[in-house]
Amino acid sequence: MPATVVVGTQWGDEGKGKFTDLVAREMHQVVRYQGGHNAGHTLVVDGQSFALQLCPSGILYPHITPIIGNGVVVDPRVLLAEMEMLRSKGVDPSNLRVSGNAHLILPYHQELDRLIERRLGSRKLGTTKRGIGPAYADKASRVGIRVQDLLDPKIFRAKLEGLAREKNAVLAKVFNQLPLDPDEIAAEYLDVCAPALAPHIADTVTLVHEALEAGQQVLFEGAQATFLDLDHGTYPFVTSSNPVAGGVCTGAGVGPRYIDRVIGVAKAYVTRVGTGPFPTELAISSEAIGGKPAAAASDEEIRLGDHFVEVGREYGTVTGRRRRPGWFDAVMLRQAVRLNSLSELAITKLDILDDLDSVKVCVAYEINGERVTHLPYHQSDLHAAVPVYEELPGWKTPLSETTDAAALPAAAEAYLAFLEDQVGVPVTLVGVGPGREQYVQRHAG
Ligand code: IMP
């Protein structure tokens, strides 16, 4: 069967774009199934850099139909700006198709995201403030406005009027803010966005099924990651969609029997942006939202944390925020293997460990004096979890030029074999640098 999923296995920013791009080359369609412009990845193609937030990465290939599925939340202004950026760099986005059933992000959603975070103060989630949570909340409350409503001004206006009454009351009474003008929103969405997007709006479920039934290859591109999943992540410090592989079924309208390859992408260490539990976290010398206080850490720990942030360039593509770093966590990865039915693992940024004398992998947690090897379901236990590490020798060799698995230093190969042994799936791809060709294929994928 011809469907592949690429999914993040940690807290996002695993470098999924690199391997999505690699796998996409053989695909006919690349489909986003959840999230919105909270995602961000940069692809470097022929020396040109492309920062994509909403468009599937397959958009850079003329032979691919890029699809934004029904499970995505779409800010049409952002999407049109992204298409314009692509045109200005010589990429023709006319093939892009957007599900009419996808929900729209409206200015209200963005405003409320910002205000809710501000009200939460020190308990804030650290969202990307793109309106993602409020847009999905309206979808679940059945008051959302969908992409297809752009094609019917009467329906769009009627829905917007109802929504505006409610949202403006909240803005005024809860947040003491001025109301937004629904006429202004309608003018921008109906007069500017609708005509430009209309040729791209489609029944994407049918498009995807026609491709699958014709035996064509379809790639489902996940945004965010397993532990930001609304159901399976570290709730409430999660996003409002289902990035896990199962999200493909609802977010693109495809039954599970079509999916036969699920590639989990994991960084050789871990990072997280925003607040929430993080058992293997290392402190850093500068501030990161929700991060471990440097005062509680040894100089050696801070040196390592800073190494991951600085050498790994761990600053957000979308928000510019500094990410929180930590050691590879095999306990989480074992859970990610289960939640996604991973068939293989792609490890990114192995080269960031090149200079280290030794590398650690968390193989279990100690929780209230007990050793556990699975992810605890209770969040208090995750907060209390003390990582149990195995320490392996470093390879002290630059890997950035390595493209042949046989040329990997023995210690690097031993590290990868150790990860495989810990999580139970083969490591097929290994990233050794930011460039498109800087990777090693270990087993046939
Ligand atoms: P939201 O998705 O903007 O609502 O943010 C919810 C949480 O998900 C926050 O902790 C964000 O930092 C995190 N998040 C959202 N998108 C990404 C991403 O693409 N990479 C990493 N973290 C993300």
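**Salt bridges and a pocket**

Glutamate 344 counts as buried, at 5% relative accessibility. In this predicted model, the partner of glutamate 344 is arginine 261, and the closest N and O atoms of their salt bridge are 2.8 Å apart. Arginine 261 belongs to strand β11 and glutamate 344 to strand β15 (residues 344-348), so the pair ties together parts that are 83 residues apart in sequence.

Side chains of opposite charge can pair when their charged atoms come close. Across the whole structure, a search finds 20 salt bridges. One of them joins glutamate 111 to arginine 114, at 2.8 Å from N to O. These two residues are three apart in helix α3 (residues 107-120), which means that about one helical turn separates them. Arginine 114 is partly exposed, its relative accessible area being 31%.

Another salt bridge pairs lysine 16 with glutamate 14, at 3.1 Å from N to O. Lysine 16 is buried, with a relative accessible area of 10%, and glutamate 14 is buried too, at 0%. Salt bridges also link Asp13, Lys267, Glu314, Arg323 and Lys349 in a network.

Two or more lining residues come from each of α9 (299-311), β16 (358-367), α11 (379-384) and β18 (386-393); α9 gives the most, with five. By type, the lining has twelve nonpolar, seven polar and ten charged residues.

Finally, arginine 257 sits in the loop between α8 (247-253) and β11 (259-267). Arginine 257 is exposed, with a relative accessible area of 73%.

Methods
Residues numbered from 1 in each chain as written. Predicted model: local features only at pLDDT ≥ 70, side-chain atom pairs only at ≥ 80, totals over all residues. Heavy atoms only, no water. Helix = DSSP H or I, 4+ residues; strand = E, 2+ residues; numbered from the N terminus. Buried < 20%, exposed > 50% of the residue type's maximum accessible area, 1.4 Å probe, protein only. Nonpolar A, V, L, I, M, F, W, Y, C, P; charged D, E, K, R; others polar. Salt bridge = Lys/Arg side-chain N within 4 Å of Asp/Glu carboxyl O.
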